[in-house]
Amino acid sequence: MESITPHHFLILATLLFVVGFLGVLIRRNVLLMLMSLELMLNGVNIALVAFSRSSLNLDGSIFVFFIMTVAAAEVAVGLALLVALFKKRDSVFSEDMRLLRN
Amino acid sequence: MITLSLCLLFLPLLSAAVTLFFLRKNGNVASLLSVFTSGGILLLSLLLIINSEDTPISWDITWFEMGGWALKFGFLLDAPARLLLFVVAFVGFLIHVFSLGYMADDSARSRYFGGLSIFMFSMLGITLADNLIMIFVFWELVGFSSYLLIAHYFTTEDAAQASKKAFIVNRVGDFGFLIGIVLTYWTFGTVNLSELADLADFDPKLTSTLLCLALACGFIGKSAQFPLHVWLPDAMAGPTPVSALIHAATMVAAGIYLLLRIDFLFTPEALNLIALLGAVMGLYAGFCALVQRDIKKILAYSTLSQLGYMAAAFGLGMPGIALFHLMTHAFFKALMFLGSGSVIHACHHEQDIFNYGGLRKRMPITAITFLIGVLAISGVNFLSGYFSKDAILLGAYNFNLPVFIILYLGALLTAVYMFRLYFITFEGEARSHNSEEAKENNLLMTGPLVVLAVLSVIGGYHALFPVSLLEYSLPDIEMVAQLPHHMWMIVLGTSAWIFGLIFSRSFYGKVGEDDPLSSRFPGFFDLCRSKLFFDEIYDFYLKKVQNPLANFLEVMELLFISGLMVRGLAGVSALFALLAKACYVGKIHAYSFWFVVGTIAFIAYAVGLIAF
Amino acid sequence: MNFVDWLFVVFSVLTVGGGLLMILSRHPVTAAMYMIVSMLGVAALFVLLDAFFLAVLQVLVYAGAVMVLFLFIIMLLDVGPQGAKSARLAWLPGLAGVAATFLLGILLLSFLPESSVEGTLWPSLEDQPYVSGQNLGFSTQVSAFGFGLFTKYMLPLQIAGFMLLAAMVGVIILSKKQQESQA
């Protein structure tokens, strides 16, 4: 096997992203959907850092920094919303949150 | 001068508008307004006639422009226009005065007088117009006013049907007229009458029989010639003054006037055809009139017959004589219609002549004036009708013998049925209660009768008229005076009316409830009554051919245009909406699924797998 | 293939495997545990990429704060194990979703150019002086991060601060007890 190239990192990042997306698609529990969302973000982080390292540019890493910040804030708010919804509907499943349907 | 003409034209329109908006309930004021308007029209037209003696008034403005062609609104007051203007204004005024008396007890007077004003406006428009399109516009307006006025008693079935029939049959003629106008524009590049005259002068080959026959379709419709004559007898369902004005003196004369305006376009073949058609009409209408019972229908058929005479005169190449006969006919026919109106009014709207009788003693003025009218139309020497009819017969004898024979037979018949009408109505004993109670009407109704009677007597003496009036007819009158066989014609004409008088007197002198002809010659009687089945043929066509076609078209329209195209288009949009709606579930998973699909599509496009 | 490459393989298997196991597990707590494993794997990959500061941040923020928050909420809402019934995974949309995801993955992967870059793929790291302005050179030092954050990315930093404030306030409001409606 040859040495690990940035391509490998990118393939890894894609895989992680796709796995996370799959999780979003097939889980009914909103909590687990949020966790899969985090997985997607992680995949993007890996790609960014790989690019940053291979082009010797710190901008990518700083961007990862910000992504982490935003992800943390987003998780906080999302979970707070979920808790509020749970109080109304007593369920964390997305089928029970369908008020916007046709 | 131009302002005078504009005032003349729009004065009746103004009166009609005022009647429409303000005087609906106020019949008295409306009738007075209308009568004064017609008086005003008479004055203005006399002024115009006097002032346009030397040079014809010719003026136009552009109404609107489309591309390179401009539609103009203009006046052309030359020789024939002056005469018709005089006839229309004068006879119109007299009939307005008569209507004051006749319609005095009618509740819808405002509507009637408003309609009369609109009619005067339209008729003046035709008289003064200087291009074919303007004539057409006012043509239609005249047809509309005729429709309005025939349907005055619209609560009766007869009147409603008759007005529809008049309008529709007129429309058929106007369709041909419109095609003629289009052809004219196509051939000559203009529809202005003066320009057309110049162009036709310059190159006589441009015109064609098709062109002038198409234009003559308007005449056939309006003047109720063969085969579109079916509306005129039915139009007698309208009030009698309307019949007098529109269906005797002026509107039906508009057809002849149109022919005169475009006579430079006519080819010899077309002229021959028109002469023949006119003569045949003259004879056919005579047969029909012979067996009618309704006094107005007899007069209507006699109008048809006389219009045939005018058409024959035109076709023989004597348009001036046609116009001259138009004028004299207007006088004595209006006289007779108004006389019949007077009789009808006195006998409480009884119209069957076999229920009259003995009215001479009870209504002397009406009887004498009516007699003068009958004498005039029969061509009794030295009355007005004699001069014009004699001229036509003489011309026919010299130019076209078959036409002469038909016209002469028609003249015989005219004398017979007109004297029949007179004898049955006014002579003998009263045959019904209404007739016994009749008494002479007031001055409003007898006044116009007297005036028209005087004109019927002296109207033929062209020397009495100012030159400006008869300028168009004088050349033809002079020409006819020079024709040979004049003596022979006088003999023939005189014998025709004398024969008619004697035959009528003996046959119809003493009658009971029924027509003597029906008992003596039943076959002939029935044949005449059938009017050659024109009405039946048209009815059959309408019911069996046109209605099924219209129904079929309606079904097609429902299916294809409404269904397929209109609702189909809506359906296609609805289909798209349904498709879009299907994506709109409330589930997050569905949304994210479509998100993926969208992303895949975008990526595929970016990669180059899909191309738009 | 040297030791570092094997490390890469190990840690990537850890990451992706953890992710897969997370999305397929039945109990939310199990899923959270697998998620933490995955995050740790990502942190290790960051170390392999010489982004030490970020690795630490990953552990601290993601594995340490975010996942803990998740666990708190799971326990707060007392979410039980997802049985076959409660998972309610309808098979046709699920299959469609899986197929779509795979397609997405394949498409994304097709973007990767098969370029054969001669020379070193990972350029060497000497301690480059961080130059102010447009070109921030890659450095493993934290001060380089600080320098970039406070010069070139000053505005995003401030906005991130505001955003955190807003998130905090929002969360507090969202989780307040509705005292009026309970009366």
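Two residues are in contact if their C-beta atoms, placed from the backbone, lie within 7 Å. This is a predicted model, in which local features need pLDDT of at least 70, side-chain atom pairs count only at pLDDT 80 or more, and totals for chains, interfaces and linings use all residues. Residues are numbered from 1 along each chain as its sequence is written, while chains are lettered from A and ligands numbered from 1 in the order in which they are written.

**View 1. Chain B meets chain C.** Nine residues of chain C and nine residues of chain B make up the contact. On the side of chain C that touches chain B, six residues are nonpolar, three are polar and none is charged. Here Ala, Val, Leu, Ile, Met, Phe, Trp, Tyr, Cys and Pro count as nonpolar, Asp, Glu, Lys and Arg as charged, and the others, Gly among them, as polar. The mean pLDDT of chain C is 81, and 77% of its residues reach 70 or more. That score is the predictor's confidence in each residue, from 0 to 100. Where pLDDT is low, the predicted coordinates should not be read in detail. The model scores ipTM 0.89 and pTM 0.67.

**View 2. Chain A against chain C.** Chain A has three helices and zero strands. Helices (H or I, at least four residues) and strands (E, at least two) are DSSP runs, numbered from the N terminus. In this contact, 63 residues of chain A meet 69 residues of chain C. Helix H1 (6-26), helix H2 (30-54) and helix H3 (59-89) of chain A each give two or more residues to the side that touches chain C. H3(A) gives the most, with 21 residues. By class, this side of chain A holds 42 nonpolar, 15 polar and six charged residues.

View 3. A:Ala71 sits in helix H3 of chain A. Why does A:Ala71 count as buried? Because 20 other C-beta atoms lie within 10 Å of A:Ala71. A residue is buried if 20 or more other C-beta atoms lie within 10 Å of its own, exposed if 12 or fewer, and partly exposed in between, with C-beta atoms placed from the backbone. Leaving out residues up to four places away in sequence, A:Ala71 touches A:Glu38, A:Leu41 and C:Val66. A:Leu37 is 34 residues from A:Ala71 in sequence, and their C-alpha atoms are 9.3 Å apart. Of the 102 residues of chain A, 54% count as buried.

View 4. Chain B has 27 helices and two strands. Strand S1 (residues 57-66) and strand S2 (residues 69-77) of chain B pair in the antiparallel sense over nine bridges. Two strands pair if DSSP finds at least two bridges between them. B:Ile57 has B:Leu77 of S2(B) as its bridge partner. Two residues lie between the strands, and B:Gly67 takes a positive phi near 65 degrees. S1(B) is hardly covered, with one buried residue among its ten.

**View 5. Two nonpolar cores.** A nonpolar core is a set of buried Ala, Val, Leu, Ile, Met, Phe, Trp, Tyr and Cys residues joined through C-beta atoms within 7 Å. The largest has 203 residues, and B:Ala312, B:Ala334 and B:Leu407 touch the most other members. Beyond four places in sequence, the residues that B:Leu407 touches include B:Ala279, B:Tyr309 and B:Ile392. A second, separate core of 75 residues includes A:Leu32, A:Ile46, A:Leu79 and C:Ile36.
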